[in-house]
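This briefing is intended for a reader who is meeting the structure for the first time. Please keep the sequence and the model in view while reading.

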Amino acid sequence: MPTFEHDRLFIDGQWTAPSREGGGVVEVVDPATEAVIGHVPNGDTADVDAAVAAARRAFDPLITVAERRDRLQRVIAAMEKRLPDIADLITAEMGAPVRIAQTVQTQVPLAVAKGFADVLDTFEFEERIGNSLVLREPYGVVGAITPWNYPLYQVVAKVLPAIAAGCPVVLKPSNEAPLSVFAFIEACDEAGLPPGTVNLVSGPGRVIGERLASHPDVDLVSFTGSTGVGARVGELAGQSIKKVALELGGKSANVILDGADLATAVKVGVGNAFLNGGQTCMAWTRMLVPQNRYGEALDLIESAVARYTVGDPRDPATRIGPSASRSQFDTVRGFIERARRDGARLLVGGAEPIRDIGFFVAPTVFADVDPDSELGQEEVFGPVLAVIPYADSDDALRIANGTPYGLSGAVWGATDDDAIAFARQVQTGQLDINGGAYNPAAPFGGYKKSGIGRELGRFGFEEYLQTKSLQLKERA
């Protein structure tokens with residue numbers, strides 16, 4: 001595997017050396033081999049300041065929709081050409097199996113990007129309400145902080161609507177998976193955006209992320225990551241009364257109602273829980289099953305899990321690759337060990353290492369999980385599924401709503417109407433009904449500690465717009 005060396009940040013339309021002499025680099029490690037496969041610059045607050053200043057100079061609140069559309073389409077075209085290479089980088093830097101990297105990790109971001117272009121074609125930026133003319137205007141300079149689990153998707157979900165809205169961006173990628181983000185910025189460079197429209201500063205979150213969140217010239221901070229770090233971003237942003245959009249953790253419930261197609265619900269539910277090695281904020285990591293079908297469900301789960309091959313993410317037969325980093329590997333194994341001590345029954349898998357090299361965790365399922373235990377409450381971010389029996393629909397609803405999170409989930413019923421009636425009572429931002437397909441135009445975001453605001457489609461686009469009303473004198 002070749003190494004990927006980046007020694008420049010992207011600021012004000014130029015690949016620029018970091019400001020700090022001898023500031024060092026960020027090592028990028030292949031989690032399947034534990035080999036260092038690349039480096040990116042270790043930026044500093046001075047680099048953030050330079051990038052924000054460039055973005056501020058680039059901000060034009062009167063930018064036309066035609067110019068925004070042109071910029072957006074140029075970025076999408078340049079990105080699309082690079083998708084095969086970006087897929088390879090994502091497999092290398094965070095261990096996504098090649099089949100996932102070539103589809104979910106790259107084709108979904110492309111669909112999301114094209115969705116923002118569609119929104120821009122139809123959005124009404126001016127509206128008459130009585131004697132008022134209501135205007136929707138660019139919010140200003142955006143600080144975007146993205147995670148490692150879906151590195152291209154998360155960047156596209158923030159940078160593309162910002163461009164469509166006319167907002168310059170300063171982007172800070174995750175240190176665990178920055179290589180694909182640098183490839184995306186190369187596409188932005190090729191697209192010929194005006195200087196300062198998109199800027200990239202890599203480095204430690206406690207330096208780059210905190211400066212972005214607190215910077216007085218950043219108008220909006222969009223962050224995706226853990227709830228704990230999101231709280232810190234919100235705290236810093238609040239000091240200068242800037243807008244925050246937070247997409248945070250989840251502990252989503254897959255609720256299988258009595259009368260549902262159990263075999264399909266289990267099969268799809270296991271696949272969702274283990275997608276991307278379980279490193280998905282919206283993963284359905286709690287499977288709620290009626291007590292009278294519990295034994296049957298456990299048998300179906302064991303059969304389904306047996307098909308999830310763990311191995312080299314470059315092998316097309318692999319369905320689960322490694323955890324993205326040693327720290328995540330250790331975190332997941334810690335959850336598994338504590339769940340056993342807490343009394344959950346290990347059905348499949350476990351914490352034992354399954355390879356001598358690489359951060360591989362076996363797909364793991366616990367039965368008889370106490371809904372109030374750590375495993376029933378906290379996000380693991382690994383291939384770990386908690387199965388919870390319930391007595392009746394009221395009990396299922398209590399369990400489904402009984403965590404601090406509310407990001408995603410699913411409901412399966414004998415009919416769509418049955419599932420929808422239950423879903424209306426679930427405190428979460430998005431629910432699949434009887435296997436409903438993913439929709440990149442639908443709003444995505446959470447209730448409770450899962451976040452603030454929405455991403456994707458029209459709702460995600462509107463996060464980057466200010467609202468102004470002009471009160472007009474009525475003509476005689």
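In which sense do strand S1 and S5 pair, and over how many bridges? Strand S1 (residues 4–5) pairs with S5 in the parallel sense, over two bridges. The model is a predicted one, and the points below are grouped by topic.

**The sheet of S1, S5 and S4**

- Three strands make up an open sheet, in the order S1-S5-S4, and the pairing within this sheet is mixed.
- S1 and S4 stand at the edges with a single partner strand each, so one side of each has no neighbour in the sheet.
- In general, the strands of a sheet pair through backbone hydrogen bonds, and they do so either parallel or antiparallel.
- On the parallel side, where S1 pairs with S5, Phe4 stands opposite Gly38 of S5.
- S5 and strand S4 (residues 25–29) run antiparallel and are joined by five bridges.
- Two positions illustrate the pairing with S5: Val29 has Val36 as its bridge partner, and Glu27 stands opposite His39.
- Strand S5 (residues 36–41) is largely enclosed by the rest of the structure, because five of its six residues are buried.

**The loop between S4 and S5**

- S4 and S5 form a hairpin with six residues between the strands, and Glu34 lies in the loop that links them.
- The phi angle of Glu34 is near 65°, which is a positive value in a residue other than glycine.
- Is Glu34 buried or partly exposed? Glu34 counts as partly exposed, because its relative accessibility is 31%.

**The pair S11 and S12**

- Strand S11 (residues 220–224) pairs with S12 in the parallel sense, and five bridges connect the two.
- Within this pairing, Val244 in S12 is the bridge partner of Val221.
- Strand S12 (residues 243–247) is mostly covered, with four of its five residues buried.

- Leu456 is located in the loop between strand S22 (451–452) and helix H15 (457–462).
- Leu456 counts as buried because its relative accessibility is 1%.

- Which residues form the positive surface patch? The patch consists of Arg99, Lys267, Arg307 and Arg319.
- Among these residues, Lys267 belongs to helix H9 (residues 262–274).
- Lys267 is exposed, and its relative accessible area is 54%.

**Helix H11 and Gly334**

- Gly334 is placed in helix H11 (residues 326–341).
- At a relative accessibility of 10%, Gly334 counts as buried, because the cut-off for that class is under 20%.
- How far apart are Gly334 and Val380 in sequence and in space? The two residues are 46 residues apart in sequence, while their C-alpha atoms are 9.4 Å apart in space.

Notes: Residues are numbered from 1 along each chain as its sequence is written. This is a predicted model: local features need pLDDT of at least 70, side-chain atom pairs count only at pLDDT 80 or more; totals for chains, interfaces and linings use all residues. Side-chain values use heavy atoms; hydrogens and water are left out. Patches are made of residues with over 30% relative accessible area and no salt bridge: like charges are joined within 9 Å, nonpolar side chains (Val, Leu, Ile, Met, Phe, Trp, Tyr) within 5 Å. Accessible areas come from the Shrake-Rupley method with a 1.4 Å probe; for residues, only the protein chains shown count as cover. A salt bridge is a side-chain nitrogen of Lys or Arg within 4 Å of a carboxyl oxygen of Asp or Glu. Lys and Arg count as positive and Asp and Glu as negative; His and the chain ends are not counted. The place of a charge is taken as NZ of Lys, CZ of Arg, CG of Asp or CD of Glu. Buried means under 20% relative accessible area, exposed over 50%, partly exposed in between (1.4 Å probe, protein chains only). Two strands pair if DSSP finds at least two bridges between them.
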